[in-house]
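Biologist: Could you walk me through this structure, feature by feature? I would like the general idea each time, then the case at hand.

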Amino acid sequence: MRQGLATIVLVCIVASGAHAAAYDDFARGLGAIQRGDVDTAITAFSAAITAGDLAPALLPQAYRGRGIAFLAQNRCAEAFVDLDRALELNVGNPDILWRHAHAAACLNKHDVALADYSRLIEAEPEADAYSGRGRQHWFLADYAGAESDFVQAHRLAPKDPYPVLWLELSHLRAGTLDPAAAQRDVATLSSTGWPGPLLALYAGLSTPEQVAGAIAATSGTPRVIASVRCEGDFYVAEWWLGQRDSAKAQPLLKRAAQDCPGDFVEGPAARFELEHMP
Amino acid sequence: MKRLLAMLALLVGASPLAAGAEDCRLHIAASVTMGIDEAGGVYLPMSIGSNTVNLLVDTGGLDSMLSDAAVAKLGLSTQVLGAGIHVTMFGGKRIDRYATARDVVFGGLTTPSMRFLVMPDGALSPGLDGTIAPDILRAYDDDFDFANAKFNLISPEHCTGQVIYWTSEPHTEIEFTLDGPHVTLPVTLDGQQITAEIDTGSSRSLFTLEEAERLFGFDANSPLLTSLGGGRSYKYAFKTLSFGGVTVANPDILLVPDAKARLHRYNDRIILGMGVLRQLHLYIAYHEKKLYITAASAH
């Protein structure tokens, strides 16, 4: 066992046999996931799964845990297989459905992800599920479907700026972006911080240069700066694509594809765009 | 706060478990398969009318709760607790309403109606609808068989000390104190004796940063202190945590600034969360005020 991991010893208490190993590995995997130690989580959950005698009720959680760890390492194909198995064993579990949708989208299986989000919406119509499905519509070039879902997401989470940003992005792609309407959408948001400069760009109130200035002026932790740069690159690139200027969009998309933090939707979206550029 | 919630009434025959002589058998009042939520907590299904809700098992709570969303999904109406009466959650959120559910079934226990406090949305992992708390849990013995994903409510009417049914291997027994409905016991953390509370509703173990700094003599510049989440919580390289016959090496304890936790009456105690507890087979005998513990996978 790696140094630094929490271990527990029951004085004079010994658990023995393969059954003990399976659960102990499972518990070690859960602890590792909580600490963000995905390497240990993959090893521990793999041992718990292959031991063969983990309690049946825990098996879907073991696949789910390993799937989450694979996703954190961007190993989307392995994550998808595990989360598929977890979903077979625990049909309709919302948490597994979320992860399954994420893995499917990561593999460009947007129709699968769209179906997952639809099931989530059916179970509980949440803003995040509408936003997730809206993005799948967008990937599938169904911009009317995307617009409809982002409108719903904005209705359910009126203070969240990202459904509005994706709504304007969908309008742009559909050729229906109306700066005056975008200004009205943006005006419903109370926040003036990031991603305000991006919203202003889509509303015709700012320029890519001004957005670049806002990004350069951002301060905070490395994570915050990387996040702002990632989003700035992607959404400004999309704006350039809307102006039919691929030359300006391409380097921004390349940087977003490469540098966006692993859990940001803009990274896979940038890769998708690069793959589909002429 | 005055006790508001009704206990589940035992309306079905209890199933016996062998634990020693025939007249000392344990009687299971309810047996339910546990699920594990996104954060590593355990939850249990409960039927309310024709719906099923998933409730986090929260030994650190007061009364069982339903989220606002669950109350809406179930179509329940809410009432205020009373003028000036409220409950404060971890993090400072206030609860001042309750809802009455009808036709409640929990692992074979039934009751025609039961009151739940109404908690704000966003405090639980996705897919969870509320909590099941000591208003129900402490009426029975609680048997957490994590390795088999089973939770049993067991009748407290049994022979004293005759509860270890799951193994013939050695076990440890720890006497505890009830602080209100909460199970507290002395633990030793790196040589310092501290009060700990058993809290299955907390996915990780917690301690207030300020109290840890005072007890262990470190400050914000200590190389053993690591900031997590931009100062929302911290990790300190503790070496051992022990209680009864249990020793945890390199315990995973999050240190939370009191300004974030905002539970001032608890700032001198460690919350023992699921990171530690899931490694045990934990039997809480509330009436005996005793914990019976083996390794989770002892059988």
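Biologist: Which residue stands opposite Asp141(B) in strand 26 of chain B?

Modeller: Asp141(B) faces Ala285(B) there. Strands here are DSSP E runs of at least two residues and helices are H or I runs of at least four, numbered from the N terminus; two strands pair if DSSP finds at least two bridges between them. Strand 13 of chain B is joined to strand 26 (residues 280–285) of chain B by five bridges, and the two run antiparallel. Keep in mind that this is a predicted model, where local features need pLDDT of at least 70, side-chain atom pairs count only at pLDDT 80 or more, and totals for chains, interfaces and linings use all residues. Residues are numbered from 1 along each chain as its sequence is written, while chains are lettered from A and ligands numbered from 1 in the order in which they are written.

Biologist: How many bridges join strand 13 of chain B to strand 14 of chain B?

Modeller: Five, again antiparallel, with strand 14 spanning residues 150–154. Asp143(B) has Asn152(B) as its bridge partner in strand 14 of chain B. The two strands make a hairpin with four residues between them, and Ala149(B) in the turn has a positive phi of about 55°.

Biologist: Is strand 13 of chain B mostly covered or mostly open?

Modeller: Mostly covered: four of the five residues in strand 13 (residues 141–145) of chain B are buried. Buried means 20 or more other C-beta atoms within 10 Å of the residue's own, exposed means 12 or fewer, and partly exposed lies in between, with C-beta atoms placed from the backbone.

Biologist: And how do I read a helix, say which residues are buried in helix 10 of chain A?

Modeller: An α-helix has 3.6 residues a turn, so residues three or four places apart point the same way. In helix 10 (residues 179–187) of chain A, the buried ones are Ala182(A), Asp185(A) and Val186(A). They lie on the same side of helix 10 of chain A because they cover an arc of only 95° around the axis, taken from the directions from the helix axis to the C-beta atoms. The face turned away from that buried side carries the exposed Ala180(A), Arg184(A) and Ala187(A). The buried residues of helix 10 pack against helix 9 and helix 11 (196–202) of chain A.

Biologist: Where in chain B does pLDDT stay under 50?

Modeller: Over residues 1–13 of chain B. pLDDT is the predictor's confidence in each residue, from 0 to 100. Where it is low, the predicted coordinates should not be read in detail. Chain B averages 87, with 88% of the residues scoring at least 70.

Technical notes:
Contact = placed C-beta atoms within 7 Å.
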